[in-house]
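Reader: I'm new to this structure and would like to learn how to read it. Could you take me through it feature by feature?

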Amino acid sequence: MWIGQKRLITLLDSVIPALKAGENMNFLFRGPSGFGKTKLACMLALEIENESNIQIELPDRLGDVYVDKTKRVIILDEIHNARQPENLYPLMDSKQYVFLLCTNESGELKEPLQNRCIPLIFDDYSIEEIQEIVRYYLPEIPEDYVVMIADCCQLNPRICKDIVVKHLSVIFKYRYPKDIDELKDIIENTLQIQNGLNVEQRRYLEFLEKVTRASLDLISNVLRIDKGTIQRDIEPFLIRSNKIRITP
């Protein structure tokens, strides 16, 4: 199942025949956390190769990347954490492999690495696409339930799936809301999502309202949340919704 990113799907559909025929090329899947970069890379890999000929790898804690040269398709997730990406260049230039690189930190990638790839830049998701994801996992709920649930998902497919699959689908088995007010109560009091914001985002805003301005280090220390989580999971939606502004 795949919803959204029609532009990217169309582009990939156009190159799959060549990849199936044995042509090799490299792709860079770039977009925000939770948009499905690795999932789409895996779907492409399985479209052109058997699972036994696919490697999925992350840079290790030192930033080193191991490439299994016996595989044709190499999926490298979080490639921005690679310490010496130049070690990949000869393999990427050899035309013997299909490299599928995934990142949500495009600014951290060296230009020669990016230049060796066909860029696949993910578009923002629309509220209609998020609603479609809700319907896929909860196909029999009323439409007003769909709208309310989608409004809590911050236009992020991963957040939507987490809310629906990990929480609401379980809760609904023993407490199915009899009306929209009861659903709102479940979202606000059980899931602790209020005005579309989770607990950490509300804590972030409450602290910022007190001090007006704060460095990332200060916010991290006060909230006791690592900087990566703040930049990856907390701030993006707050920025997009004009609730905060990042300055030099």
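**Reading the fold**

Author: The protein chain has 11 helices and five strands, where helices (H or I, at least four residues) and strands (E, at least two) are DSSP runs, numbered from the N terminus. This is a predicted model, in which local features need pLDDT of at least 70 and side-chain atom pairs count only at pLDDT 80 or more, while totals for chains, interfaces and linings use all residues. Residues are numbered from 1 along each chain as its sequence is written, and side-chain values use heavy atoms, with hydrogens and water left out.

Reader: In what order do the strands sit in the sheet?

Author: Strands of a sheet pair through backbone hydrogen bonds, either parallel or antiparallel. Two strands pair if DSSP finds at least two bridges between them. Here the order is β2-β3-β4-β1-β5, an open sheet with parallel pairing. Its edge strands, β2 (54-57) and β5 (118-121), each pair on one side only. From one strand to the next, the twist averages 15°.

Reader: How many bridges join β2 to β3?

Author: Four bridges join β2 to β3 (residues 73-76), and the two run parallel. Look for isoleucine 56, which stands opposite isoleucine 75 in β3.

Reader: Which strands does helix α2 touch?

Author: Contact means heavy atoms within 4.5 Å. Helix α2 (residues 37-48) packs on the sheet and touches β1, β2, β3 and β4. Its direction makes about 165° with that of β4; axes are lines fitted to C-alpha atoms, for helices over the stretch in contact, and angles run from 0 to 180 degrees between N-to-C directions. As for helix α1 (residues 6-20), it lies across β1 (27-30), β4 (98-103) and β5, at about 150° to β5.

Reader: Is glutamine 5 buried or exposed?

Author: Buried means under 20% relative accessible area, exposed over 50%, and partly exposed in between (1.4 Å probe, protein chains only). Glutamine 5 counts as buried because its relative accessibility is 3%. You'll find glutamine 5 in the segment before α1, with a phi near 55°, a positive value in a residue other than glycine. Asparagine 242, in the segment after α11, has a phi near 60°, also positive in a residue other than glycine. Asparagine 242 counts as exposed because its relative accessibility is 70%. Of the 248 residues of the protein chain, 43% count as buried.

Reader: Where does lysine 71 lie, and which residues is it in contact with, leaving aside neighbours within four places in sequence?

Author: Lysine 71 is in the loop between β2 and β3, and is partly exposed, with a relative accessible area of 22%. Leaving aside those neighbours, lysine 71 is in contact with Ser52, Asn53, Ile54, Gln55 and Tyr97.

Reader: Which residues lie nearest the centre of the second largest pocket?

Author: Rolling a probe the size of a water molecule over the atoms shows where empty space is left. On a 1 Å grid over the protein atoms alone, a pocket is an open set of points where a 1.4 Å probe fits, with protein on both sides within 12 Å along at least five of seven lines; lining residues have an atom within 4 Å of a point. The second largest pocket is lined by 14 residues, and Arg213, Ala214, Arg245, Ile246 and Thr247 lie nearest its centre. The elements giving two or more residues to that lining are α9 (199-211), α10 (216-223) and α11 (227-240).
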